[in-house]
Amino acid sequence: QVQLVESGGGLVQPGGSLRLSCAASSDNFSLYRMGWYRQAPGKQRELVASITTRGITSVTEYVDSVRGRFTISRDNGKNRVYLQMNSLKPEDTAVYYCKADSIISSNAYWGQGTQVTVAS
């Protein structure tokens, strides 16, 4: 069982920045593909960005709507994954969730979510 706790959400003006953090309780954090998802009211949850450790490097993926504005990163030594969000837009408003997918099993875990609101 892996517990995930997100933090860093809040209210920000358009064009502003936020940094989300997700802390994981896992002895094998590097064996999880970590993702940030978001769900806006009335919409389906979508993958925003993911990061997978490959040896000494990481492979990242982004949804087109955030590429160039958001950056996902991870610190395997601290069992944390981050989402740096710049140039925020009102359409980025959503609850952001952290997810851990095991790369050696079918296990997957979700955090409880953190609200991000972009408004003036």
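N79 is placed in the loop between β7 and β8. The model is a predicted one. Phi of N79 is near 55°, a positive value in a residue other than glycine. Most residues other than glycine have a negative phi. N79 has a relative accessible area of 17%. The residue therefore counts as buried, since the cut-off is under 20%.

S87 sits in the loop between β8 and β9 (94–102). Its relative accessibility is 41%, so S87 counts as partly exposed.

Strand β8 belongs to an open sheet of four strands. The order is β1-β3-β8-β7, and the pairing is antiparallel. β1 and β7 (70–75) stand at the edges. Each has a single partner strand, so one side of each lacks a neighbour in the sheet. From one strand to the next, the twist averages 15°. Strands of a sheet pair through backbone hydrogen bonds.

Within this sheet, β3 (residues 18–25) and β8 (residues 80–85) run antiparallel and are joined by six bridges. A23 stands opposite R80 in β8.

S7 is partly exposed, with a relative accessible area of 35%. Leaving aside residues up to four places away in sequence, S7 touches R19, L20 and S21. S7 and Y82 are 75 residues apart along the chain. Their C-alpha atoms are separated by 9.6 Å.

Definitions and conventions
Residues are numbered from 1 along each chain as its sequence is written. This is a predicted model: local features need pLDDT of at least 70, side-chain atom pairs count only at pLDDT 80 or more; totals for chains, interfaces and linings use all residues. Side-chain values use heavy atoms; hydrogens and water are left out. Buried means under 20% relative accessible area, exposed over 50%, partly exposed in between (1.4 Å probe, protein chains only). Contact means heavy atoms within 4.5 Å. Two strands pair if DSSP finds at least two bridges between them. Helices (H or I, at least four residues) and strands (E, at least two) are DSSP runs, numbered from the N terminus. Axes are lines fitted to C-alpha atoms, for helices over the stretch in contact, and angles run from 0 to 180 degrees between N-to-C directions.
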